[in-house]
There are 2 protein chains.
Amino acid sequence: MNELDTLIKGRSIAIVGAGLVGAGWALVFARAGLAVKIFDANPVIANAAIPLIEQQLVELQAHGLINEPAADIVARLSLATDLADAIDGAAYLQESILERVELKRALMEDLEALADADLIIGSSSSGIVASAFSSGLKIAARVVIAHPVNPPYLVPVVEIVPSAETSPQTVAFVSALMEAVGQSVVHVRKEVEGFVLNRLQAVLLREAWALVEEGVASCEDIDKTVRDGLGWRWSFMGPFETIDLNAPGGIADYAVRLGPLYRSIAASGKHDQQWSDALIGEVESQRRGFLQRGDLEQRRAWRDRKLMALSAAKRDASE
Amino acid sequence: MNELDTLIKGRSIAIVGAGLVGAGWALVFARAGLAVKIFDANPVIANAAIPLIEQQLVELQAHGLINEPAADIVARLSLATDLADAIDGAAYLQESILERVELKRALMEDLEALADADLIIGSSSSGIVASAFSSGLKIAARVVIAHPVNPPYLVPVVEIVPSAETSPQTVAFVSALMEAVGQSVVHVRKEVEGFVLNRLQAVLLREAWALVEEGVASCEDIDKTVRDGLGWRWSFMGPFETIDLNAPGGIADYAVRLGPLYRSIAASGKHDQQWSDALIGEVESQRRGFLQRGDLEQRRAWRDRKLMALSAAKRDASE
């Protein structure tokens, strides 16, 4: 019996909310060999989910990113008729409905009424913390944030963020499940705004916008700085390992040598300004000079091919 | 006549300062077909430079990253007997001496006395601005920062940062030269501390250290967040293109939807704290749990192999 069988014991996965994120999660679990039941309150979205996944599987197959015929993966997917049907026989539910606290709260109340006492619930919420929609419910112990990057079948990171009411068993189960289906688990120990991923993105973006506003560099030059430089190490090491290797004695040595400089740089920026309308207009205008609005969709397909190539390369890399 | 011949007209490149950075630059220029004369005031460092480059060429060859026999590249390198010899016949000088303003100023004064009126000078300075060591000299118009990521023969980005005295012709020449030898040029229009690359790195690192200090996540989990998630897109798109593709209507649409959230996230952090000794000790201890101090050097070799693989993959990628 492998790890996944031990965790799931022949039961299924419920996907609730079947847009891009929910469909991406359905693919992750079905690819790992699990039966997946998909529910969306909007039947148009529900009916589009499996065709969308079939299309994504064609791309994955072309990049050598699935190990069995696509049809075998699709055969594990089914549409549920309602929420009760979706959770019938499910060990785990991945919630990916709209990012609105009242909708998530209403879903949790429905689940409180319908679900078996052992259903574990992970939420794809990218900003709303679990306590905001599960606090005070009996199921709160079994609810945790499991925040992916889109699409989760390509980019493995998932942030696990418990509320104060989430049980350690829930965190342990969801972490083990995510690792078993091939994701990379990050433990966020406190309910901070933006979790870890979007906090890191937020500070870098804020500085990037400020550099444009202050006339220091163009959007394209800032993008180049990252894609032809800074982003390379980060794509396989992360920021701490990067600086750990950048001083003879490791990271403490680095901190002594460069900490004051970094603090001075960071403190010299303007931190609290809004992105003004004028600045947004300037950045939009610069970007549209590189990529016309009508070409956005085509460029997104290019991005996804690049992510697949990166995923394949990472899988093949001998460590 | 190709672009490079037009720029250099049969003259040579002078490398002054022959440590890791200077030797890396020597490799960049020699690989592009140019004659390179290397000078370092410390003969031990000067004598080590060519053997170091030979060793780097073995690795590059193994990854398919050079297009001719390594010996042909090495044949273009020579050691200069002194500064005057290094610049004799040179069209361009890349300065990579120690990051100390009084040493850079002294070198510029020597060059003011020795150099022909058309020698152009780029400085590898990662923090000191050009005005700090060239201001008031006659050669100031021909001095500009050309800041690489190490090693420049693998990671292409170079920040071009003029002082107020740098002439537009100098910026144009160095930019064209860098593009012609395969680097990716970023124009930094003002002498801001940390230029663009280290400003972006500084704000992300500051947030990362703060997240550890506040007990939100471990170093390893923060590294995972970037290397298994956030860093992927940045390694081939940069931060602006990433968000431009992440809203249906492009970047202005994204700014309206998510700008307030990002501002709120960014404003919620502690921005001005030092990396305290206790925090440095904590981070050092966490990192040494993953990588013992005695293994740092071996891990640096691993990093360089990963960078070479990434470089080869980027070169092969059809856009």
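**Domains and chain contacts in the predicted model**

In this predicted model, chain A splits into two domains, with domain 1 running over 3-187 and domain 2 over 198-316. The C-alpha centres of domain 1 and domain 2 of chain A sit 30 Å apart. Where these two domains of chain A meet, domain 1 puts in eight residues and domain 2 puts in six residues. On the domain 1 side of that contact in chain A, the residues sort into four nonpolar, three polar and one charged.

Turning to the contact between the chains, chain A brings 89 residues and chain B brings 88 residues. On the chain B side, the elements giving two or more residues are strand S8 (184-187) along with helices H9 (197-213), H10 (219-234), H11 (238-244), H12 (251-267), H13 (277-290) and H14 (296-316). H10(B) gives the most to this side, at 14 residues. Sorted by class, the chain B side that touches chain A holds 47 nonpolar, 19 polar and 22 charged residues.

Helix H9 of chain A, residues 197-213, packs against H12(B) with the axes 9 Å apart and at an angle of about 100°. Angles of 65 to 115 degrees count as roughly perpendicular, so H9(A) and H12(B) are roughly perpendicular to each other. From H9(A), the residues taking part are A:Asn198, A:Arg199, A:Ala202, A:Val203, A:Leu205 and A:Arg206, and they meet B:Tyr262, B:Ile265 and B:Ala266 of H12(B). This contact of H9(A) with H12(B) comprises six nonpolar, one polar and two charged residues.

Terms used
Residues numbered from 1 in each chain as written. Chains lettered and ligands numbered in written order. Predicted model: local features only at pLDDT ≥ 70, side-chain atom pairs only at ≥ 80, totals over all residues. Contact = placed C-beta atoms within 7 Å. Helix = DSSP H or I, 4+ residues; strand = E, 2+ residues; numbered from the N terminus. Nonpolar A, V, L, I, M, F, W, Y, C, P; charged D, E, K, R; others polar. Domains from an automatic or database assignment. Axes fitted to C-alpha atoms, helices over the stretch in contact; angles between N-to-C directions. Parallel < 35°, antiparallel > 145°, perpendicular 65-115°, else oblique.
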